Amino acid sequence: MLVYCFVVVLVTGAFLTFFYTPSGETVPYSGAYEPLQGIPMSAAYESVLNISFDVRGGQLMRHLHHESSSLLVLGAVVWVLLGRFRYVLALLGLALSLFGALTGYASVDDLLADTFLSRIPIPIWYAFHLLAALTTAAVLLISSRKEAARHPRTPAFIALTLVLTVMAFWL
């Protein structure tokens, strides 16, 4: 299920990448949301507002990216708890999921804008976010292959995990 959640994170993140500008340069807002017209903000935050208000399906993709990332972190917590903290890959997966969430928020330049973390430039946060995604993919693939070698997956199990993933997004 974690792999499926990660695939959703990866696909939605790839879509968002086409419209995102990882820049801390201050620009006046010129998008569709009228109350913010002319307000100075970072180019990263303006691009996120443009994704939300101007890109067709952008708000849906942002929502799916956020929800699947939250499910990924929650699933990693369950993975660590079920393994009773003895799997190094589970702990690494949890740490990477949390780091990916932090870097995702920081690269948008929204919630962390007035904290000590805002001293790190937005392109570096974005690079960390992409690095966290790649290492999370490696951890999930390695652990999935190890688990599949120990307990081969049946078609019924695969169908169950797909149904559970769809249900998690549906709720």
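Student: What share of the 171 residues in the chain is buried?
Tutor: This is a predicted model, and the share is computed from its atoms. A residue is called buried when its relative accessible area is under 20%. For the chain, buried residues make up 33%.

Student: How many helices and strands are there, and in which pattern do they follow one another?
Tutor: The chain has 6 helices and 2 strands. Read along the sequence, the pattern is α-β-β-α-α-α-α-α.

Student: What box do the C-alpha atoms fill?
Tutor: The box is taken along the principal axes of the chain. Its dimensions are roughly 60 × 35 × 20 Å.

Student: What part of the accessible surface belongs to carbon and sulfur atoms?
Tutor: The accessible surface of the chain comes to about 10500 Å². The part that belongs to carbon and sulfur atoms is 71%.

Student: Which residues make the nonpolar surface patch, and what is its area?
Tutor: The patch is made by Met-1, Phe-157, Ile-158, Leu-160, Leu-162, Val-163, Leu-164 and Met-167. One of these, Leu-164, is found in helix α6, residues 155-170. The area of the patch is about 680 Å².

Student: Is Leu-164 buried or partly exposed?
Tutor: Buried would require a relative accessible area under 20%, and exposed one over 50%. Leu-164 has 37%, so Leu-164 is partly exposed.

Student: Why is helix α2 described as largely enclosed by the rest of the structure?
Tutor: Helix α2 covers residues 43-53. The buried residues are Ala-43, Ala-44, Glu-46, Ser-47, Val-48, Leu-49, Ile-51 and Ser-52.

Student: Which elements do the buried residues of α2 pack against?
Tutor: Packing here rests on contacts, with heavy atoms within 4.5 Å. The strands among the partners are β1 (26-28) and β2 (40-42). The helices are α1 (2-17), α3 (58-82), α4 (88-108) and α5 (122-150).

Student: Is Glu-46 buried or exposed, and which residues does Glu-46 touch?
Tutor: Glu-46 lies in helix α2. Its relative accessible area is 13%, so Glu-46 is buried. The C-alpha atoms of Glu-46 and Thr-26, 20 residues apart along the chain, are separated by 9.3 Å. Leaving out residues up to four places away in sequence, Glu-46 touches Val-27, Pro-28, Tyr-29, Ser-30 and Met-41.

Student: What is the relative accessible area of Cys-5, and which residues does Cys-5 touch?
Tutor: Cys-5 sits in helix α1. Cys-5 is buried, with a relative accessible area of 2%. Not counting residues up to four places away in sequence, Cys-5 touches Ser-68, Leu-71, Leu-72, Thr-165 and Phe-169.

Student: How far apart in space are Cys-5 and Leu-71?
Tutor: In sequence, Cys-5 and Leu-71 are 66 residues apart. From C-alpha to C-alpha, the separation is 7.0 Å.

Student: Where is His-63, and is His-63 buried or partly exposed?
Tutor: His-63 is found in helix α3. The C-alpha atoms of His-63 and Ser-52 are separated by 9.6 Å. With a relative accessible area of 44%, His-63 is partly exposed.

Definitions and conventions. Residues numbered from 1 in each chain as written. Predicted model: local features only at pLDDT ≥ 70, side-chain atom pairs only at ≥ 80, totals over all residues. Heavy atoms only, no water. Patch = residues over 30% accessible without salt bridge, like charges linked within 9 Å, V, L, I, M, F, W, Y side chains within 5 Å. Areas by Shrake-Rupley, 256 points an atom, 1.4 Å probe, with all protein chains shown as cover. Salt bridge = Lys/Arg side-chain N within 4 Å of Asp/Glu carboxyl O. Helix = DSSP H or I, 4+ residues; strand = E, 2+ residues; numbered from the N terminus. Buried < 20%, exposed > 50% of the residue type's maximum accessible area, 1.4 Å probe, protein only.
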